[in-house]
Amino acid sequence: MEKGKNQSFELLLVEDLKKHFPVRRGFFRKAIGYIYAVDGVGFSIRRGETLGLVGESGCGKSTVGRCLVKLYHPTAGRIMFEGKDICKCSKSELVHLRRNMQMIFQDPYSSLNPRLRVQDIIGEALRVHGLVSKGEWKDRVHELLAKVGLEADHMARYPHEFSGGQRQRIGIARALALSPKFIIADEPVSALDVSVQAQVINLLDSLKEDFGLSYLVIAHDLAVVEHIADRVAVMYLGKLVELAEDHALYGNPKHPYSQALLTAVPKAERGARQKRRQNRRFLLQSEVPSPMNPPLGCHFHTRCPRLMDHCRNEEPPFIEVEQNHWVACFLHA
């Protein structure tokens, strides 16, 4: 966990966040175990900052995002947003907080109500929160559509009349409707064509400047967050293993898992440079362990090419090895 920061600049502070899902069996639905989806995660996001949260599918990164907006109630830990503990807020306090915290979902197909027109999908939040009058909400919807690159005549259409990229733009407009301070983008481009992904990433980056936003961008592909994130956090099996400024993590990753993820990113290189890159590449062995029964000690030790004896029994501390560069690995302890 980061320490020593000036908290006046912190928009969001997460401390020792845990989310354990019970596994139930039998007629009485008795809990026979738990899935440790998130198991002690901590980080902060400063105002105007974009934090990228990356890791393999199933590592718990989407669960972190849903806990931040209380779609999931955390098992333990603190989530401080502008000095208020979200976990202890009443329902009325959450309504106010959620105006400032919005989410862009991974699937632009299932995240939009197919029975509503675009104007109602975006305008619903405006009417519920009473932010505009009856005669003004359509003008606000038109304005939001223009911001995300859609036309006024799109307001009367249904979601099935749009492409995947256009649907995700509608989802972005919906997230912007309440003028939030913080947006969680959960795999915002993973369901889109490669040609459209760059457009959506550039759109998010430009909206950040226009609306003064802070982002948590969740992705399994480090190439997605490389050009938008100010800092990058790497997550493995419910825990953070590395957290650093983007240039530090991409230029000099410390944790073996981060190194493996980076060498797996395809690069258009030729000749000797490509050969050097292939020589540095190492493939992770075996499968990701079950989050219901994570390994003792370092969770990564079953797949680590630099395994040491004490990695099997001791959990490495999450320490600052360089300025603003945090790692959980005995190689740097």
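1. Start with the pocket: 16 residues line the largest one, with Gln102, Ala125, His129, Arg174 and Leu178 nearest its centre. Here a pocket is an open set of points on a 1 Å grid over the protein atoms alone, with protein on both sides within 12 Å along at least five of seven lines, and lining residues have an atom within 4 Å of a point. Its volume is about 550 Å³. H3 supplies the largest share of the lining, four residues.

2. A word on the basis: this is a predicted model, where local features need pLDDT of at least 70, side-chain atom pairs count only at pLDDT 80 or more, and totals for chains, interfaces and linings use all residues. Residues are numbered from 1 along each chain as its sequence is written, and side-chain values use heavy atoms, with hydrogens and water left out.

3. On to cavities, sets of points where a 1.4 Å probe fits but cannot get out. The whole structure has one of 30 Å³ or more. The largest cavity holds about 80 Å³, and Cys298, Cys304, Cys311, Cys329 and Phe330 are the closest to its centre among 13 lining residues.

4. Now Leu176: beyond its neighbours within four places in sequence, this residue is in contact (heavy atoms within 4.5 Å) with Arg140, Leu144, Val148, Ile183, Leu207, Phe211 and Leu213.

Definitions and conventions:
Points joined across faces, edges and corners; volume = space filled by probe spheres on them. Helix = DSSP H or I, 4+ residues; strand = E, 2+ residues; numbered from the N terminus.
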